[in-house]
Amino acid sequence: MQQPEPEPQSFDRVLSSMCTEPHPAAREAAERFLATNPGDPATYETVADLERRAVKGLATLAAHPTPAEAAGYVTSGGTEANVQAVRSARNRHDGSDVNVVAPTSAHFSFTKAAEVLGVELRTVPLDDDYRADPDAVAAAVDEDTALVVGVAGSTEYGRVDPIPELAAIAEEVGARLHVDAAWGGFVLPFTDHAWSFADAAVDTLTIDPHKYGQAPVPAGGLLAREDAALDALAVDTPYLETRSQATLTGTRSGAGVAGAVAAMDALWPDGYREAAERAADDADWLAGELAARGYDVVEPELPLVAAAVPDSTFSALRDAGWKVSRTGTGELRVVCMPHVTRSALRAFFDDLDRIRR
Ligand SMILES: Cc1ncc(COP(=O)(O)O)c(C=O)c1O
């Protein structure tokens, strides 16, 4: 019997995802480059050129001192970028008993990185407002610390860690600093947060086009201040025309690369600025509406709102088709991605008010 063609989900009721509807030009570019392989740049030269453009674009957003020459590549996502940042720091650090110090708010990809790479992950407590606590980080580092991680747009609460302070702590013990701006990186350029290569001695940085960058999945980004960070990842590739490869994956689709370039061409800077401003307004409005209904709200710093709603309410929202998720301590979290419009949020409140009656 003929099965109906499966359709992907609509974004209408997706409130907790960090991905979004791709920009139409990015979708189209991704489809065109689907069957190319930037993992073999001497064969797939056009997409290899596009990847250099993607890295330049990402480096511009992250205020790299020389975007046109920045080291980096388009990863499969923030996870690969974070794993590779840990790997690069480990490979460049003297000594074998290496550790990585990260706030408890760091994404679980660092747990994967530590396990795969055999390094110790030291997680340290946050301050009262969910940011890395510099005193706790300073107490945790030692001469075996290869990397300190700061998060610029945390997954649960959208917080930006004090990156310059973390960089200074890292420098004192000869460690490197990685900034995870996987989610925040396309919003932060329009804020006054200190998070980028221009703000501190940042060694590597994760910034994902497939989140706020409005590129189709899979398109993450790893950037490095110096070539040495990527050189430390390179392995010999005897049967390819290019001599070495620094990526974690081998063959990878050019869709992510082409989609990222097309999205940035279409949206940087004005389109991203508009999206960031609209998301910030919506997040403030959402926080106000939730507080007006008596919920404890974690005020948004970037466009992500968390609020303590009862389990029964959360379940009823899920039953009504809302794709919402919870923080580790159980708060409802809403990520104001570009597809989360004010009218979607109004429809959400219509259901929430019906559930509360
Ligand atoms: C801050 C942060 N870093 C890394 C990641 C991992 O990204 P990906 O799921 O693209 O691997 C996420 C995912 O939400 C994230 O929020």
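A nitrogen atom of the ligand sits 2.6 Å from an N or O atom in the side chain of aspartate 180, a polar contact in the sense of a pair of N or O atoms within 3.5 Å. This is a predicted model, in which local features need pLDDT of at least 70 and side-chain atom pairs count only at pLDDT 80 or more, while totals for chains, interfaces and linings use all residues. Residues are numbered from 1 along each chain as its sequence is written, and side-chain values use heavy atoms, with hydrogens and water left out.

Histidine 210 places a polar side-chain atom 2.8 Å from a ligand oxygen, and an N or O atom in the side chain of lysine 211 is 2.8 Å from an oxygen atom of the ligand. On its own the ligand has 390 Å² of accessible area, of which the protein covers 84% (Shrake-Rupley method, 1.4 Å probe).

Now look at the whole shell. It holds 13 residues, with Thr79 and Thr155 among the closest; a residue counts as near if one of its heavy atoms lies within 4 Å. By class, 2 are nonpolar, 8 polar and 3 charged (Asp, Glu, Lys and Arg count as charged; Ala, Val, Leu, Ile, Met, Phe, Trp, Tyr, Cys and Pro as nonpolar; the others, Gly among them, as polar). Helix α3, residues 78-92, supplies the largest share, 3 residues (helices are DSSP runs of H or I with at least four residues).

Note on methods. Polar contact = N/O pair within 3.5 Å; in protein donor to acceptor, adjacent residues only side chain to side chain. Helix = DSSP H or I, 4+ residues; strand = E, 2+ residues; numbered from the N terminus.
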